[in-house]
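Here is a short briefing to keep beside the structure on your screen. It starts with a question and then goes topic by topic.

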Amino acid sequence: MKKILLYIFASLILYISGNSQGLGIDGAFNLSKVSGDPWGIRQKFSPGFQIGIVSINNIMMGSFSDINMYSGICFNQKGFIHGDSNYTFHANYLDIKSLYSLSYDYDNVSVFSSIGPYLSFGINARQVFSDSTVSITFGKNANYPPAFDIGASMNWGVMFSRYCISISYSMGLRTFFSPGIDSRENRQICFHFSYLFWQYLE
C-alpha cells in the first residue's frame with residue numbers, strides 16, 4: 001500500500017508540475033475532529049499539520065474576476081481527542097484536492113473563495129491511551145477506518161505577489177469512526193500559508 005501511495009504521489013507531482021500556470025508549496029496548521037460526539041462526550045480538536053504542493057490553472061478570465069482551478073497533493077494529519085483527554089486518535093493521510101475558485105482582484109491583492117472535492121488515502125493511524133499506544137491498520141475490517149475517504153473542501157483567502165493566506169473547512173463523507181451504531185465522519189479546519197515558486201497567471 002505504501003509503495004502504491006508513493007507511486008501516486010510521484011506521478012501527481014510530475015503531472016501537476018508539467019501542467020500548472022502556478023506552482024508552489026502549501027503548509028497548514030490543522031484542527032481535526034469527527035462529526036457528532038462519540039460516547040455522548042464532547043470532543044476536543046486534535047492539532048496537526050499538512051504540507052504539500054499546490055497548482056493553479058486559469059479557466060476563465062473576466063474584467064473583474066477570474067475562475068481558477070486549484071489542485072494539490074499533501075500529507076495531512078487528522079483525528080480527534082476524547083473529551084477527557086485520556087484517548088486520542090491520530091490518522092495520517094495522503095490528500096488529493098481539486099477546487100474551483102472564484103477570485104476578485106484589487107490592485108495587487110486577489111481575494112478568492114474555493115470549493116471542490118478531495119480524496120484521501122490512509123497511510124497509518126494509532127490510538128493513544130494514557131498508558132499505551134495501539135497501531136491501527138486502515139481497511140482491515142468493518143471496525144477499522146476505511147482505506148480511503150472522500151469529501152468536500154471549502155477555502156477562503158487572499159493572495160498577494162507570490163504569497164497566499166487562507167482558511168479552509170473540510171467535510172469527509174465516508175464513515176471514519178463508528179462507536180456503536182452512530183457513524184462519524186472527518187471534519188477539519190485548516191489555516192494555510194502558501195508560497196508560489198513561479199506564477200504565469202497575468
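This is a predicted model: local features need pLDDT of at least 70, side-chain atom pairs count only at pLDDT 80 or more; totals for chains, interfaces and linings use all residues.

**Overall layout**
- Along the sequence, the elements follow the pattern α-β-β-β-β-β-β-β-β-β.
- If you look at contacts between residues at least 6 apart in sequence, 64% of them join residues at least 24 apart.
- The protein exposes about 10800 Å², and 62% of that is supplied by carbon and sulfur atoms.

**Around Lys44**
- You will find Lys44 in the loop between β1 (22–34) and β2 (46–61).
- The C-alpha atoms of Lys44 and Thr88 are separated by 9.5 Å, while the two residues are 44 residues apart along the chain.

**Nonpolar cores**
- The largest nonpolar core has 9 residues, namely Val34, Phe80, Tyr87, Phe89, Ala91, Tyr93, Ala125, Ile136 and Phe138.
- Strand β4 (residues 87–106) gives the most to this core, contributing 4 residues.
- Ala125, a member of that core, touches Phe89, His90, Ala91, Val134, Ser135, Ile136 and Phe138, with residues up to four places away in sequence not counted.
- There is also a second, separate core of 8 residues, and among them are Tyr70, Leu99, Phe112 and Leu196.

**Aromatic pairs**
- The count comes to 10 aromatic pairs.
- In one of them, the ring centres of Tyr70 and Phe112 are 5.6 Å apart and the planes meet at 20°, so the pair is stacked; the cut-off for stacking is under 30 degrees.
- This pair links distant parts of the chain, with Tyr70 in strand β3 (residues 65–81) and Phe112 in strand β5 (residues 109–129), 42 residues apart.
- Tyr70 and Phe112 are both buried.
- Elsewhere, ring pairs link Phe160, Tyr163, Phe193, Tyr195 and Phe197 into a cluster.

**Charges over rings**
- Lys78 has its charged end over the ring of Tyr93, 4.8 Å from the ring's centre; Tyr93 is also a member of the largest nonpolar core.
- Arg174 has its charged end over the ring of Phe148, 4.4 Å from the ring's centre.

**Strands β5 and β6**
- Strand β5 and strand β6 (residues 133–136) run antiparallel and are joined by 4 bridges.

**Around Ile167**
- Where does Ile167 sit? Ile167 is found in strand β8 (residues 163–172).
- Ile167 is partly exposed, because its relative accessible area is 33%, which falls between the 20% and 50% cut-offs.
- Ile167 and Trp156 are 11 residues apart along the chain, and their C-alpha atoms are separated by 5.6 Å.
- Leaving aside neighbours within four places in sequence, Ile167 is in contact with Met154, Asn155, Trp156, Ile189, Cys190, Phe191 and His192.

Definitions and conventions. Residues are numbered from 1 along each chain as its sequence is written. Side-chain values use heavy atoms; hydrogens and water are left out. Rings of Phe, Tyr and Trp (its six-membered ring) pair if their centres lie within 6.5 Å; planes under 30 degrees apart count as stacked, over 60 as edge-to-face and the rest as tilted. Helices (H or I, at least four residues) and strands (E, at least two) are DSSP runs, numbered from the N terminus. Buried means under 20% relative accessible area, exposed over 50%, partly exposed in between (1.4 Å probe, protein chains only). A charge sits over a ring if NZ of Lys or CZ of Arg is within 6 Å of the ring centre and within 35 degrees of the ring normal. Contact means heavy atoms within 4.5 Å. Accessible areas come from the Shrake-Rupley method with a 1.4 Å probe; for residues, only the protein chains shown count as cover. A nonpolar core is a set of buried Ala, Val, Leu, Ile, Met, Phe, Trp, Tyr and Cys residues joined through side-chain atoms within 4.5 Å. Two strands pair if DSSP finds at least two bridges between them.
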